Amino acid sequence: MTRVLSLIVAALVLAGLVEPALAQSSQFDMPVLKLENMPGGGQNLSLSLQALILMTLLTVLPSLLLVTTSFTRIIITLSILRQALGTQQTPPNQVLVGLALFLTLFIMTPTFNLINDTAFTPYSQGQINVQEAGLRAANHLKTFMLRQTRQSDILTMAELRGDSGYDGTDAVPFAVAVPAFIISELRTAFTIGFLLFLPFLVIDIVVSSVLMALGMMMLSPMLISLPFKLMLFVLVNGWALTVTSLVESFVRIP
């Protein structure tokens with residue numbers, strides 16, 4: 001209750017500070033929150049409102065990164081790989097997240113270049129408005145997502161939405177493409193993680209069987225199998241193979 005009252009008081013104080021500022025801005029005719037007429041026709045958002053929208057988008061950018069790029073598949077696969085090795089917190093979470101971010105940037109570079117060429121650059125030059133720029137960027141992201149999404153997942157989300165189907169990828173709504181893409185990415189990530197887990201599982205089974213045969217049941221099998229798993233992973237250059245397999249698992253946009 002104390003926190004609620006504090007928030008209410010803070011909101012009232014903020015409103016008291018903002019109201020005179022808005023009154024002063026209207027007195028001097030400052031374009032704070034209004035539409036501006038474009039020379040070629042149509043209307044565009046004022047600079048202040050564009051900055052407000054940009055700051056709002058920055059707050060949801062991590063969520064957009066998780067659900068519309070290759071980050072989900074990469075970070076889940078790397079986490080399963082670390083668990084299969086049995087190294088607890090090595091590599092640490094910061095290293096895995098950093099590696100996943102840069103791999104995401106590497107994989108998404110063609111899509112980001114398309115967004116920059118067709119959406120951001122024309123918008124910065126005043127050729128299109130912010131709505132058109134956002135629509136073009138969303139279409140490019142949707143094209144990338146649908147290239148990685150299974151058709152069965154799209155049909156599942158379409159049925160949940162009440163749609164019978166779509167004529168093509170252009171007809172798939174963005175609200176359908178995003179959850180279908182996430183479901184498909186989770187399935188692919190767990191499939192890759194299962195394949196990575198198998199060789200280390202075999203080592204654990206062999207070590208456990210040998211220890212039981214020798215009567216060393218009090219000795220932890222993980223303590224003995226960990227060096228063998230690390231040696232196997234280093235000898236086959238496991239990190240390079242894992243990164244290569246992850247990058248090649250994505251359908252690249254030509």
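In which hand does α5 pass α7: left-handed or right-handed? The crossing is left-handed, a term that applies if the near helix is turned anticlockwise from the far one by less than a right angle, with right-handed used if clockwise.

Before you click, two ground rules. This is a predicted model, with local features needing pLDDT of at least 70, side-chain atom pairs counting only at pLDDT 80 or more, and totals for chains, interfaces and linings using all residues. Residues are numbered from 1 along each chain as its sequence is written, and side-chain values use heavy atoms, leaving out hydrogens and water.

**Stop 1: α5 on α7.** Select residues 130-148 for α5 and 174-213 for α7. (Helices, H or I with at least four residues, and strands, E with at least two, are DSSP runs numbered from the N terminus.) The axes of α5 and α7 come within 9 Å and cross at roughly 35°; axes are lines fitted to C-alpha atoms, for helices over the stretch in contact, and angles run from 0 to 180 degrees between N-to-C directions. Now show side chains: the contact (heavy atoms within 4.5 Å) includes Leu141, Phe144 and Met145 of α5 and Phe174, Val178 and Phe181 of α7. By class, this contact has 9 nonpolar, 2 polar and 2 charged residues. Here Ala, Val, Leu, Ile, Met, Phe, Trp, Tyr, Cys and Pro count as nonpolar, Asp, Glu, Lys and Arg as charged, and the others, Gly among them, as polar.

**Stop 2: α6 on α7.** Among the residues in contact are Ile154 and Met157 of α6 and Ile183 and Arg187 of α7. The contact of α6 with α7 divides into 7 nonpolar, 2 polar and 3 charged residues.

Stop 3: Zoom to Pro91, in the loop between α3 (71-85) and α4 (93-124). A cis peptide bond joins Thr90 to Pro91, with omega about -5°.

**Stop 4: an asparagine.** Finish at Asn237, in the loop between α8 (221-235) and α9 (238-248). What is phi of Asn237 near? Phi is near 55°, a positive value in a residue other than glycine. Most residues other than glycine have a negative phi, and most peptide bonds are trans.
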